[in-house]
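Student: I'd like to go through this structure with you, a bit at a time. Can we start with contacts and then move on to the sheet?

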Amino acid sequence: MGCVTSHAAGATPARSLVVLGSTGSIGTQALDVVSRNPGRFRVAALAAGGGRVDLLARQAAAFGAEAVAVADPEAVPALREALAASGARARVVAGPEGVAELAAAPCDVVLNGITGALGLTSTLAALEAGRVLALANKESLIVGGPLVKRLAAPGQLVPVDSEHSALAQCLWAAGPSGADPRAVRRLVVTASGGPFRGRTRAELADVTPEMALNHPTWSMGPVITVNSATLVNKGLEVIEAHLLYDIGFDRIEVVVHPQSVIHSMVEFTDGSTVAQASPPDMRLPISLALGFPERVPDTAPAVDWTAAHTWTFEPLDDEAFPSVGLARHVGSIGGTAPAVYNAANEVCVEAFLKGALPFLAIVDTVERVVSEHDAGAASTVEEVLSADAWARARAAELTR
């Protein structure tokens with residue numbers, strides 16, 4: 001597998017970056033890391049969906065990007081106008097193929113911060129071109145697991161999710177034994193519990209979009225914030241951990257940790273557990289992925305050890321939040337099943353945000369779509385996209 005699981009020493013030269021999803025939460029924080037470290041990184045290209053062309057143009061001007069892409073071709077005229085107003089001289093490409101073109105462009109690191117399954121083609125393009133891929137778009141690994149694993153060379157794939165970055169750091173800290181899956185007893189993925197931690201299933205019946213979007217710890221986009229409220233996001237992370245570290249689902253545990261300071265842990269076969277701790281700030285895992293194998297100094301504040309701290313851990317309530325158990329089931333089936341889980345969820349979240357679907361019906365509908373799907377292989381992009389399209393169509397029927 002191509003995931004980075006060992007640390008290498010050595011000086012890091014200035015790196016050229018392609019940032020996909022530059023106007024989103026991950027992308028803007030990545031560019032903040034770049035701006036705080038002049039001379040360490042250079043932005044070669046930027047890509048976004050097309051809904052915030054003014055911001056994309058300002059980013060291109062501020063960082064001197066040579067090329068920009070918008071996934072929505074209809075946004076090109078507005079983007080060209082915004083680029084001219086900002087003084088940027090970037091080349092413009094458009095459509096999913098344009099974003100994938102930039103993902104394969106010459107650079108040192110591609111950060112894939114695109115949201116959803118749309119990121120798959122860019123992930124594959126970056127890997128096929130031999131780029132180091134800083135992967136924040138977990139969906140592309142989940143829906144295209146066999147494809148991504150087949151393409152990723154050792155050291156080419158670096159996780160950006162705080163939990164998987166934490167797991168990688170715990171494995172590095174363990175030394176040579178950390179690289180041996182046989183020495184690992186369990187991966188422990190922590191969850192904040194979202195805004196509804198401690199509620200029973202019955203108490204979740206009347207949850208509104210406004211309530212679900214009020215995350216207690218992280219500031220994220222609407223889809224991932226709702227996924228954190230249903231804990232679908234944690235289910236996706238369980239599948240991602242399995243694919244990244246080749247650890248069986250029976251050895252991956254989710255623990256609720258409301259303070260979000262311990263980002264994940266690795267328990268080894270001798271009984272020792274290694275944890276990674278830092279205040280919740282996505283710039284830390286982003287900077288680690290951009291600068292790997294070296295750390296970027298002073299990226300984020302460390303834990304203040306002069307103050308008292310209380311960190312708590314609770315078991316996951318599988319009855320109130322069945323999404324993680326469903327993800328384990330889907331991941332165990334493999335093939336196209338994870339693509340169906342993810343696609344159906346994206347449609348259901350959109351319906352919920354529009355007021356067309358109750359909160360509890362999000363995961364219930366995803367489970368129904370998964371149960372109706374006859375999982376096949378995911379050995380080609382066409383097979384994955386076909387399953388994705390079927391799941392979206394079926395979920396749309398059920399949410400009308």
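Student: Leaving aside neighbours within four places in sequence, which residues is K138 in contact with?

Tutor: Bearing in mind that this is a predicted model, K138 is in contact with D161, I224, N233, L236, E237 and E240 once those sequence neighbours are set aside. K138 itself lies in helix α6, which spans residues 138–143.

Student: Is K138 buried or exposed?

Tutor: K138 counts as buried, because its relative accessibility is 3% and the cut-off for that label is under 20%.

Student: And which residues does UniProt list for "binding site"?

Tutor: The unreviewed UniProt entry lists K138, S162, E163, S192, H215, S228, N233, K234 and E237 under that heading. From this set, S162 is part of the lining of the second largest cavity.

Student: Where is S192, and what does its side chain reach?

Tutor: S192 sits in the loop between β8 (184–191) and α9 (209–212), and its side chain reaches the backbone nitrogen of G194 at 3.0 Å. Not counting residues up to four places away in sequence, S192 touches R197, H215, T217, V256, H257, P258 and S260.

Student: Switching to the sheet, what is the strand order?

Tutor: The order is β4-β3-β2-β1-β5-β6-β7, an open sheet of seven strands with parallel pairing. β4 (91–94) and β7 (157–159) are the edge strands, each pairing on one side only, and the twist averages 20° from one strand to the next.

Student: Which strands does helix α1 touch?

Tutor: Helix α1 (residues 25–35) packs on the sheet and touches β1, β2 and β5, with its direction at about 165° to that of β2.

Note on methods:
Residues are numbered from 1 along each chain as its sequence is written. This is a predicted model: local features need pLDDT of at least 70, side-chain atom pairs count only at pLDDT 80 or more; totals for chains, interfaces and linings use all residues. Side-chain values use heavy atoms; hydrogens and water are left out. UniProt positions are given in the numbering used here, feature names are shortened, and annotations may be inferred rather than shown by experiment. On a 1 Å grid over the protein atoms alone, a cavity is a set of points where a 1.4 Å probe fits but cannot get out, and a pocket is an open set with protein on both sides within 12 Å along at least five of seven lines; lining residues have an atom within 4 Å of a point. Helices (H or I, at least four residues) and strands (E, at least two) are DSSP runs, numbered from the N terminus. Buried means under 20% relative accessible area, exposed over 50%, partly exposed in between (1.4 Å probe, protein chains only). Contact means heavy atoms within 4.5 Å. A polar contact is a pair of N or O atoms within 3.5 Å; within protein, one must be able to donate a hydrogen and the other to accept it, and residues adjacent in sequence count only if both atoms are side-chain atoms. Two strands pair if DSSP finds at least two bridges between them. Axes are lines fitted to C-alpha atoms, for helices over the stretch in contact, and angles run from 0 to 180 degrees between N-to-C directions.
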